[in-house]
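Reader: I have a model open and would like to talk through its ligands and a few of its residues. Could you take me through it with care?

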Amino acid sequence: MANWETVVVETDLLICGGGFSACGAATEASYWAKKKGLKVTMVDKAAEDRSGAVAMGLSAINQYVGIRDGENTLADYVRYVRQDLMGVSREDLVYNIARHVDSTVHLFEKWGLKIWKDEKGKYVHEGRWQLMINGESYKVIIAEAAKNAIAEAGGEIIERVFIVEPLLDGNRVVGAVGFSTRENKFYVFKAKAVIAGMGGAVHVFRPRSVGEGFGRSWYPPFNSGSSAYFTIKAGAEMTCQEVRFIPVRFKDAYGPVGAWFLLFKSRAISAEGGDYMTTHKEVLQNYAPYGLVKPIPANLRNYLGMIDVDAGLGPLYMETAEAIQNIAAQFKDDPKAFKKKMKELESEAWEDFLDMTISQAILWASQNVKPEEKHSEIAACEPYFIGSHSGASGAWVSGPEDLPTPYKWGYANMTTVQGLFAVGDGSGASSHKFSSGSHAEGRIAGKQAVKFIVEKGQAPKVDMAEVEKLKERILRPLDLWDKHKDETTDPEVNTNYMMPRQYLHRLQKLMDEYAGGVVSAFKTSKALLQRGLELMDFLKTDSEKMAARNHHELTRAWENIQRTWQAEAHVRTLLFREETRWPGYYFRADTPKMDDKNWLCFANCQWDRKTGEWKMMKKDIWTMPGA
Ligand code: SFD
Ligand code: AMP
């Protein structure tokens, strides 16, 4: 076995991840931990200042309720999320996050985040729930606050350590194992409680760019499903694993569309079909009541465009020039004011992407696109697993004690495994929390985890013999490479192992063809899913044979294994739910209709650590009183 040093870290609260939800957890937990003399340890696979989905920054805060200004109520937000997810959301969790998110945003501003304000000093809204920001350094500001809080409470931050597996004592989490992505160190964390905040999953499906620009994506390629893998392997119940998110984005560079639809009031059309949101609106009748509300649910917005694309009436375009001209037209009688407004709009258009998805600005430049003069193509992306946006996949977590929800078991955001909490993309069925709501959810879980440690904490019993077995398994790709690399003229072609990139290609092809990826126009069926599971068995067998020549490839190898478990949970739940509830995200061609009578419920799954079997189950929807 590779001769790596084993580093043992003893702590009270272990926070896995360093993104928005984990920073929220660290900031809040450190405050309460200091009072109780407890230690908080945070571990990120990357450098916290620029890790996770907000590494490049963002141009908007997408969840702000605006309670203090009387703009909206919490019930309004619960209703908005219920409708956007076609009736399937944990309204207790959505309510709990919504009641804390505004105070979190006010903290961001205090910490230095620039939120746009109008001449009256009021926040500039992108849409009803979204605020415009100068967000290029958004993550740096949030990470700084978390670092200060941890330092002040005598905790520690460990960067560039990739968390792989949970450690358990029966149905109680007692820590985690991982490895350094830079040094020959294998890490063993012993803890009384653990928070999984390692983001969602990208590259489970084949991206649109498979050669030049392979891997280009909207959500970050370095979020590889670690949260889902960690909670599934711990034996926690999972929810909404079928609810992947397919965002419509500016084509090829994946620029987001929210600011264009909401702030610039831009139209999207199909080249041959016209204004598809209008021409196909009768289709929405089939999805009442959700299809008849405004805004139209995200998946149905996708679906209306897909109807034209499937009919060959594309490409789809975002009418950026028309939108900018329309806004500037208000100043047409005053040439000086018109020129000034055009300049302003032009910079807002570019800032939107320079703050968030730089590749879109580069693509515009490389294709001589002036958004105020020329429209841009948009397209539906490959599927992502991101419970914090308009997807819903994640762990099944407890609701807050003070709400009459049937789904609570003592500590808000705790999974069904004692002491294991999940946040952000890691927790499911609480969609539309975005950066701000994920941070607020982290704060909720951070405080609850300290409460759990104070009330139920135990010295973690870690079986070091089990740890040795895990170390051998986790470092095995390095051993396979060393043992066999010299047996062939091209070490990447070897009968004893496969390289992580080769494995990734097979996983993505399987999911694309059998589980409704881009190549299948997001369509699948019982037969396709069953065949996909059959092929996935072979793939999982071969995952034991992935080789790695260095830290970089070892990380890639384990990212792939984590993606595979997310893929399996997804395929099993697509198979279990026998209807098509989210057209525009996926279509079950054999059960094409929405079936509220049998399937207005959660589809949950659970992997049994002892038997290796998966259990599928339905859970009733609970409606928040008054919402
Ligand atoms: O409009 C391990 N998001 C947006 N949210 C907004 O509020 N406004 C926007 O304008 C947003 N836009 C947007 C967004 C995301 C992206 C990628 C783009 C545009 C281009 C969504 C938010 O970013 C998202 O909701 C939150 O960031 C989710 O938070 P969280 O904590 O669930 O995930 P994270 O921030 O990615 O953090 C994950 C962390 O885990 C680390 N990690 N650490 C140790 N071991 C492992 N094995 C690990 N695996 C991962 C990561 O390094 C990271 O620190 S718009 O387009 O939606
Ligand atoms: P996106 O850029 O797609 O990530 O969306 C950013 C925010 O805008 C999210 O809160 C979306 O729900 C919202 N959004 C995007 N497009 C629309 C639309 N056409 N109507 C209403 N809300 C939208």
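Predicted model: local features only at pLDDT ≥ 70, side-chain atom pairs only at ≥ 80, totals over all residues.

Reader: How many residues surround ligand 1, and which are the closest?

Author: There are 38 residues around ligand 1, and the closest are Ser21, Asp44, Ala60, Ser388 and Ser435; a residue counts as near if one of its heavy atoms lies within 4 Å of the molecule or strand.

Reader: Which atom of ligand 1 does the side chain of Asp44 approach?

Author: An N or O atom in the Asp44 side chain is 2.6 Å from an oxygen atom of ligand 1, and the side chain of Ser388 likewise has an N or O atom 2.6 Å from an oxygen atom of that ligand. Ala60 uses a backbone N or O atom, which lies 2.6 Å from a nitrogen atom of ligand 1. A polar contact here is a pair of N or O atoms within 3.5 Å; within protein, one must be able to donate a hydrogen and the other to accept it, and residues adjacent in sequence count only if both atoms are side-chain atoms. Taken alone, ligand 1 exposes 1,100 Å², of which the protein buries 98% (accessible areas by the Shrake-Rupley method with a 1.4 Å probe; for residues, only the protein chains shown count as cover).

Reader: And what about ligand 2, which residues come nearest there?

Author: Of the 14 residues around ligand 2, the nearest are Gln130, Arg249, Val257, Gly258 and His389. The side chain of Arg249 has an N or O atom 2.6 Å from an oxygen atom of ligand 2, while a polar side-chain atom of Gln130 lies 2.9 Å from an oxygen atom of the ligand. For Arg301, a polar side-chain atom lies 3.4 Å from a nitrogen atom of ligand 2. On its own, ligand 2 exposes 480 Å², and the protein buries 88% of that.

Reader: Switching to the sheet, in what order do the four strands run?

Author: The order is E13-E16-E15-E14 in an open sheet, with antiparallel pairing; strands (E, at least two residues) and helices (H or I, at least four) are DSSP runs, numbered from the N terminus, and two strands pair if DSSP finds at least two bridges between them. At the edges are strand E13 (248-250) and strand E14 (268-270), each pairing on one side only. Strand E15 (residues 316-318) and strand E16 (residues 376-380) pair over three bridges, and Met318 has Ser376 in E16 as its bridge partner.

Reader: Last topic: is Phe452 buried or exposed?

Author: Phe452, which is found in helix H12, is buried because its relative accessible area is 0%, where buried means under 20%, exposed over 50% and partly exposed in between (1.4 Å probe, protein chains only). Phe452 and Ala193 are 259 residues apart in sequence and 7.7 Å apart in space, C-alpha to C-alpha.

Reader: Where is Thr405 placed?

Author: Thr405 sits in the loop between strand E17 (394-395) and strand E18 (420-422), and counts as buried at 4% relative accessibility. The Thr405 side chain makes a polar contact with the side chain of Asp92 (2.9 Å).

Technical notes
Residues numbered from 1 in each chain as written. Chains lettered and ligands numbered in written order. Heavy atoms only, no water.
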